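Biologist: Could you take me through this model? I would like to begin with the aromatic side chains.

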Amino acid sequence: MLSRWIACAAGTAVLLSAGPAAAALGHPLPWQMGFQDAGSPVMENIIWFHNLLLVIITLITVTVLALLLWVTMRFNERAHPTPSRTTHRTSLEVAWTVIPIAILVFIAVPSFRLLFLEQNIPPADVTVKATGKQWYWSYGYPDQGKFEFDSLMVQDKHLKPDHPRLLSVHNEIVVPIDKVVRVQVTGSEVIHSFAVPSFGIKIDAVPGRLNETWFKATKEGVYYGQCSELCGKNHAFMPIAVRVVSESEFNKWVEDAKKKYARMDDGAPTAVAATEAIKAR
Ligand SMILES: [Cu+2]
């Protein structure tokens, strides 16, 4: 028990001393309590809104607690033996109706602003199509060429020192920095969910439906996410990794990817899709 407390204290100290370390960008840290650092304008806004709500919630909770303490001490039987028979007080009733409404309206303004920011996808520079499968993701870049590739989790025995366990993948998504990336998400057999916390995105991957979300990565690095919908036995083992690079590096990657993941010929389905089509006949 004591050793657990010591480990807990040590972990907290590490967490506090680590602060907003650059190494933490894109993935969680041991003992982390709050959000991951923001890697997109949407996530910056989510964190800002969360901090605002935290202040409001704290003020309300402290105020209610203070009122309760005051009532129990000031108006208990000993301190106040003859109770007042007052039952209505118009000004008080107006106040406890109007003040909560004012607080809700005050919260609604940034809340709707954030919602519109998330939902209104700006004109996209790059489109990535993500398909959730059991249990990995497939990615395509419809505007860059007819190539598609599968992205599977790196198993423990193949992890390199800078690979976070259960988050690293073979074949990351690669996107350019400071560009609007539209992500089109679908599922191939069951519902998955495409989520990358640092970008503030999470959207269901539903078979037969194309959902859309977007992000604009503001810092280079690798950003990790996970499937966030219970989708079956290996739900926990289909992570998402997004590598943000400069535009020239991205263009170079696209050229390589076109060769590496090319379809058999222009317009023809991939080898896997062709095999499936033959099987279905
Ligand atoms: Cu899944």
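Modeller: A charge sits over a ring if NZ of Lys or CZ of Arg is within 6 Å of the ring centre and within 35 degrees of the ring normal. Here the charged end of arginine 74 sits over the ring of phenylalanine 75, 5.0 Å from its centre. This is a predicted model: local features need pLDDT of at least 70, side-chain atom pairs count only at pLDDT 80 or more, and totals for chains, interfaces and linings use all residues. Residues are numbered from 1 along each chain as its sequence is written, and side-chain values use heavy atoms, with hydrogens and water left out.

Biologist: How many aromatic pairs does a search of the whole structure find?

Modeller: The search finds 13. Rings of Phe, Tyr and Trp (its six-membered ring) pair if their centres lie within 6.5 Å; planes under 30 degrees apart count as stacked, over 60 as edge-to-face and the rest as tilted. Tryptophan 70 and phenylalanine 75 are edge-to-face, 5.5 Å centre to centre with 85 degrees between the planes.

Biologist: And phenylalanine 149 with tyrosine 261, stacked or edge-to-face?

Modeller: That pair is stacked, at 4.5 Å centre to centre and 25 degrees between the planes.

Biologist: Is phenylalanine 149 buried or exposed?

Modeller: Phenylalanine 149 is buried, with a relative accessible area of 3%; buried means under 20%, exposed over 50%, partly exposed in between (1.4 Å probe, protein chains only). Tyrosine 261 is also buried, at 13%.

Biologist: Which residues form the aromatic cluster?

Modeller: Tyr139, Tyr141, Phe147, Phe149, Phe250, Trp253 and Tyr261 form one cluster.
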